[in-house]
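Open the structure in your viewer and keep the selection tool at hand. We will go from stop to stop, and at each one you will hear what to select and what is there.

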Amino acid sequence: MSVVYMGAFPPGYGGVTIKNQNLYTALEKEIPIKKVDFNRVKRKDIKEAGRLVFHLLNPRNRFVVGVSGKITRKRFTQVLYYLNRKAMRKSIIMIMGGTASHDMSVDLEYRKCAMGYKKIYVETQSMKAEMDAAGFENVDIYPNGRFRPQKAVELKTADKKLRCVFFSQIQPEKGVDLVLKAAEALPNVDFIFYGKIVDGLKEDFLNNVESLPNVSYCGVFKGTSEEVYAELSQYDVLLLPTRWEAEGVPGILVEGKIAGLAEIVTDHNYNAEIVENGQDGIVLKNNTVEGLIEAIIYVQKNPDVLKKMKLNSRKSAEKYYIENSIPAIEANIWGVN
């Protein structure tokens, strides 16, 4: 009998691969566990594809499933249900994204198959509530955890000039256009961008950056998690005015909390469950340039409020540390079945 983590891992970076890698690393310290990398399978690695089939059909196995992609996740769940239900009853799935719980709840065939898992881990309380209402009895919460820093990350001290950071994929759906327009209207605030630029946007984005003296683009950050926290801690405010349909619990919001940043986000999908408006950041009532500008000016003009938000943000990171979730996940993997 083997425990096998099936999912997409880096390289091929994104929220799902990072979540899988973090959880696999944490579990590997506690239990004997193997992995099958779906990214290698997609790259037509014959050996990895063979391992996938070999493990998938073994009824003695237990799986941790971290499959990305709406269609792929559904198809994998159906295959497991019809070909190896015995293993499925001993397995858990980690779902990620703003539509995943809804997809499972409203699709009758998908719902029937997904109920075959021992445990389904979603990222927020409202995701769980939706699935509970749909009749699921096997749902729990794993909130896109991160590792606790090995050494304390120092909070940035107040400067005369507010520093805002955008640390996500550079694309309109993440609100890059709104941040650039806010930067144009606020020349006395610094705006720093990190992230991969999506195809077709590079020229326009870089031209905008070049035209604004208070804006910098620093490319894709390729450091360790410790280095991410240290870099983020150099800023005051994390901006994520996202309108991406599939947004779940953005890992950058968790990392921003660990680094002690106030966070300004849109009231989109689950952001209001992650950021408490007025306490550790601001949840925008309206996803507009005007609303974003107003929020930035507010924290700029109220340094005591900004300091309080940063401290509260750091405190709120506690519930996202992986160490808090591993005992329950491990118990579900090894529990009676």
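How many of the nine residues of H12 are buried? Nine of the nine are, so H12 is largely enclosed by the rest of the structure; buried means under 20% relative accessible area, exposed over 50% and partly exposed in between, with a 1.4 Å probe and protein chains only. Before you go on, note that this is a predicted model, in which local features need pLDDT of at least 70 and side-chain atom pairs count only at pLDDT 80 or more, while totals for chains, interfaces and linings use all residues. Residues are numbered from 1 along each chain as its sequence is written, and side-chain values use heavy atoms, with hydrogens and water left out.

**Stop 1: helix H12**

Select residues 251-259, which form helix H12. Helices (H or I, at least four residues) and strands (E, at least two) are DSSP runs, numbered from the N terminus. The buried residues here are Gly251, Ile252, Leu253, Val254, Glu255, Gly256, Lys257, Ile258 and Ala259. Now show their surroundings: they pack against strands E7 (163-167), E10 (237-240) and E11 (262-266), and against helices H11 (225-232), H13 (271-274) and H15. Step on to Gly260, which follows H12 and has a positive phi, near 80 degrees.

**Stop 2**

Axes are lines fitted to C-alpha atoms, for helices over the stretch in contact, and angles run from 0 to 180 degrees between N-to-C directions.

Show side chains next. Gly256, Lys257, Ile258 and Ala259 of H12 make the contact with Ser313, Arg314 and Ser316 of H15, where contact means heavy atoms within 4.5 Å. These residues divide into two nonpolar, three polar and two charged. Ala, Val, Leu, Ile, Met, Phe, Trp, Tyr, Cys and Pro count as nonpolar, Asp, Glu, Lys and Arg as charged, and the others, Gly among them, as polar.

**Stop 3: H14 against H15**

Keep H15 and select residues 289-301, helix H14. Here the angle is about 100 degrees and the axes are 5 Å apart; H14 and H15 are therefore roughly perpendicular to each other. Tyr298, Val299, Gln300 and Lys301 of H14 meet Pro303, Val305, Leu306 and Met309 of H15. This contact has six nonpolar residues, one polar and one charged.

**Stop 4: Asn214**

Go to Asn214, in the loop between helix H10 (202-211) and strand E9 (215-217). Is Asn214 buried or exposed? Asn214 is buried, with a relative accessible area of 6%. Its side chain reaches the backbone oxygen of Ala183 at 3.1 Å. Leaving aside neighbours within four places in sequence, Asn214 is in contact with Ala183, Leu186, Pro187, Val189, Asp190 and Phe191.

**Stop 5: backbone details**

Most residues other than glycine have a negative phi, and most peptide bonds are trans. Select Pro10 and Pro11, which are joined by a cis peptide bond with omega about 0 degrees. Pro11 sits in the loop between strand E1 (3-7) and helix H1 (15-28).

Then try Lys44, whose phi is positive, near 65 degrees. Lys44 lies in the loop between helix H2 (38-42) and helix H3 (46-56), and is exposed at 72% relative accessible area. End at Asn269, in the loop between E11 and H13. Its phi is also positive, near 50 degrees, and Asn269 counts as partly exposed at 36% relative accessibility.

Methods: A polar contact is a pair of N or O atoms within 3.5 Å; within protein, one must be able to donate a hydrogen and the other to accept it, and residues adjacent in sequence count only if both atoms are side-chain atoms. Angles under 35 degrees count as roughly parallel, over 145 as roughly antiparallel, 65 to 115 as roughly perpendicular and the rest as oblique.
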